[in-house]
Amino acid sequence: MKDKSEASSEFAKKKTLLEQRQYLPIFAVRQQLLNIIRDNSIVIVVGETGSGKTTQLTQYLHEDGYTSYGMVGCTQPRRVAAMSVAKRVSEELGSNLGEEVGYAIRFEDCTSEKTVIKYMTDGILLRESLRESDLDHYSAVIMDEAHERSLNTDVLFGLLREVVSRRSDLKLIVTSATMDSDKFAAFFGNVPIFHIPGRTFPVDILFSKTPQEDYVEAAVKQALQIHLSGMGGDILIFMPGQEDIEVTSDQIVERLEDLESAPPLTVLPIYSQLPSDLQAKIFQKAPDGVRKCIVATNIAETSLTVDGIMFVVDAGYCKLKVFNPRIGMDALQVYPISQANANQRAGRAGRTGPGQCYRLYTQSAFKNEMLTTTIPEIQRTNLANVVLLLKSLGVQDLLLFHFMDPPPEDNMLNSMYQLWILGALDNTGSLTPTGRLMVEFPLDPALSKMLIVSCDMGCKKFTLHTGHDQVREKFSVPESDHLTYLNVYLQWKNNNYSSIWCNEHFIHTKAMRKVREVRSQLKDIMVQQRMNLVSCGSDWDIIRKCICAAYFHQAAKLKGIGEYVNVRTGMPCHLHPTSSLFGMGYTPDYITYHELVMTTKEYMQCVTAVDGEWLAELGPMFYSVKQAGKSRMEEITNMEEEMSLAEQQLRSRREDQDRKSNV
Ligand code: ADP
Ligand code: MG
């Protein structure tokens, strides 16, 4: 393999970090950029992936003196990007991560007094704006990857627009890799758009001739074919999620082992749950003569740029969180990507030289079946946390909030309804004390509710599932997956949090440490909020009841052997084979579940057995105990009434508004 990719990796090795910085397209326009930022409060910056927006803009602002009166913050829709970019920038600045340059993501704050450049997820900045509505700690905020249109970004858009109007010293820079820029500029009041001139090479696009039945198999074949063809350059494969990535990586390695005298290949997976030291590997140069093959989620589409990619293999799918009104919740599902995604993916092959992109779908599928751009998250997810957040920010009428693309009213109403059943909103739609407390927790409202009720019920043990399969049999608590995880945690604790113990039981030490960390952080929040922490001792029924208090709306009842139906909708749902309750011969009449996943069937994940009476007690808006005969649950329908009440209120408020705006 003697060609450009080797030349480019040689280049990276020889060049100092400073030279690498100066080679980026953004460097050529550094002064122009600083001028336009100086002259305007808000600027939209558009530039190809890899042009240096994420790593350089913060440093330019720092060099230009903005950090003398506040931090330069940069938000990312993905945790991985926030961490890895902060690490890179701290190296470029020659400081230790966490000092001048730091990052903050949920459950992890790697910043200090010294920090002047702070990378964070957009969720973190949202939470900060809750405590400090004018973001006084910041002199500039860069909202990076705005084209991703994550839910948090969209809410921040609405909030920051107001903050900038109140604070003339704050700079807001919105960056995007794509064409949405006109829309952004219009939203913020016709602000200027700055284009970073790109430096890209042509990419040959090769479509599948026929539709692929199995994209994993097709991708494995394609990668091997490229690898054995003798052409040089690294490969980047796009897969929808972790499972597919693991299978694809394993298959490639296995099949190569079967071949005699195949050239060496380093296969590197990357997805958000991968431990960060393994994630960092994708940026390391492979040894000379060894090709890299990165198998990634759409994290590598625009968030992370890996140099030296010449071949892209695009399976054509991604995972999206989509609110499913039928089951009343968000589900992460695999969907075809949009044309915009496809073009971004292809572009990854043309950064260091001409490249090739193998699309594992037909040209007609691209043209006729793919959307032009992905629907923004705000228009497809459960908005419960956003509703909570906006309510706590004092936004009374959510339908008047300035959204770039307002979420469908039905979703908004549904979220308010969910919050109402959890006791976070009262009948007038205002935040209750429970709701106010929920905002403090970086959790799904139902999980926050669980912690909150645990204080009233006298139990502060809480469980977080981390998903280890092998531990099931040994530690299984037949009534509950949640309790099984708790059992694992307590046994680990009894063994002095030992990593040897973990290894002996095939448990990931790292995952357990994370659980311990999250536990202590949640405990800190509870202490801060002066919540009453008491232990239930060995009475684990109380824990199940707390779980029931949070998840009664996701309850199922036994229908036949191993068969359950949703109590509210009658929809069949199944125990997942990894559940502690699966095949144990113990089949409780009622269970609640944490989440539904749809693969071949509708599976309930993380299940806990509950008493029928608890459901009636804790979820009176859904269930009552039938008086006659045995105590069987029966669904009641007063929810419809409540819904129409809330709807009426919203309608009349909107009419008021219309009237006002007509005046
Ligand atoms: P953009 O945000 O415009 O897509 P970036 O600022 O992320 O561009 O990337 C600029 C350069 O920095 C790229 O060449 C990329 O490979 C490099 N880079 C970014 N993060 C890292 C990292 N963690 N390790 C090594 N190189 C990195
Ligand atoms: Mg970037």
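Two residues are in contact if their C-beta atoms, placed from the backbone, lie within 7 Å. Helices (H or I, at least four residues) and strands (E, at least two) are DSSP runs, numbered from the N terminus. This is a predicted model, where local features need pLDDT of at least 70 and side-chain atom pairs count only at pLDDT 80 or more, while totals for chains, interfaces and linings use all residues. Residues are numbered from 1 along each chain as its sequence is written, and chains are lettered from A and ligands numbered from 1 in the order in which they are written.

**View 1. The whole chain, before we zoom in.**
The chain has 24 helices and 23 strands. Of its 663 residues, 43% count as buried (a residue is buried if 20 or more other C-beta atoms lie within 10 Å of its own, exposed if 12 or fewer, and partly exposed in between, with C-beta atoms placed from the backbone). Take the contacts between residues at least 6 apart in sequence: 71% of them join residues at least 24 apart.

The mean pLDDT of the chain is 86, and 89% of its residues reach 70 or more; pLDDT is the predictor's confidence in each residue, from 0 to 100. Over residues 1-10 the pLDDT is below 50, and this stretch has 20 contacts in the model beyond near neighbours in sequence. Residues 628-646 also have a pLDDT below 50, with 31 contacts beyond near neighbours in sequence. Where pLDDT is low, the predicted coordinates should not be read in detail. For the complex, the predictor gives an ipTM of 0.98 and a pTM of 0.77.

**View 2. Helix α6 and what covers it.**
Helix α6 spans residues 122-131, and its buried residues are Asp122, Gly123, Ile124, Leu125 and Leu126. What sits over these buried residues? The cover includes the strands β2 (71-76), β3 (101-105) and β5 (117-121), plus the helices α7 (151-166) and α14.

**View 3. Helices α14 and α16 crossing.**
Two packed helices are described by the angle between their axes and the distance between the axes. Here, the axes of α14 (residues 384-392) and α16 (residues 433-440) come within 10 Å and cross at roughly 105°. (Axes are lines fitted to C-alpha atoms, for helices over the stretch in contact, and angles run from 0 to 180 degrees between N-to-C directions.) So α14 and α16 are roughly perpendicular to each other; angles under 35 degrees count as roughly parallel, over 145 as roughly antiparallel, 65 to 115 as roughly perpendicular and the rest as oblique. On the α14 side, Leu388, Leu389, Lys391 and Ser392 make the contact, and on the α16 side it's Gly435, Arg436, Met438 and Val439. By class, that gives 4 nonpolar, 2 polar and 2 charged residues (Ala, Val, Leu, Ile, Met, Phe, Trp, Tyr, Cys and Pro count as nonpolar, Asp, Glu, Lys and Arg as charged, and the others, Gly among them, as polar).

**View 4. Helix α15, end to end.**
With 13 residues (409-421) at 1.5 Å a residue, α15 should span 18 Å, and its end C-alpha atoms are 18 Å apart, which agrees. The expected span is 1.5 Å times one less than the number of residues. Buried residues of α15 include Asn411, Met412, Tyr417 and Trp420. Just after α15 comes Gly423, with a positive phi of about 80°.

**View 5. Cys110 in strand β4.**
Cys110 lies in β4, residues 108-110. Is Cys110 buried or exposed? Cys110 counts as buried because it has 21 C-beta neighbours inside 10 Å. Leaving out residues up to four places away in sequence, Cys110 touches Leu97, Gly98, Gly102, Tyr103 and Ala104. Cys110 and Leu274 are 164 residues apart in sequence and 19 Å apart in space, C-alpha to C-alpha.

Ser261 sits in the loop between α10 (242-258) and β11 (265-270). Its phi is near 55°, a positive value in a residue other than glycine. With 4 other C-beta atoms within 10 Å, Ser261 is exposed. Asn496, in the loop between α19 (481-494) and α20 (499-504), has a positive phi of about 55° although it isn't a glycine. Asn496 is exposed, with 8 other C-beta atoms within 10 Å. Asn532 is in the loop between α21 (509-528) and α22 (540-551), and it's exposed, with 10 other C-beta atoms within 10 Å.
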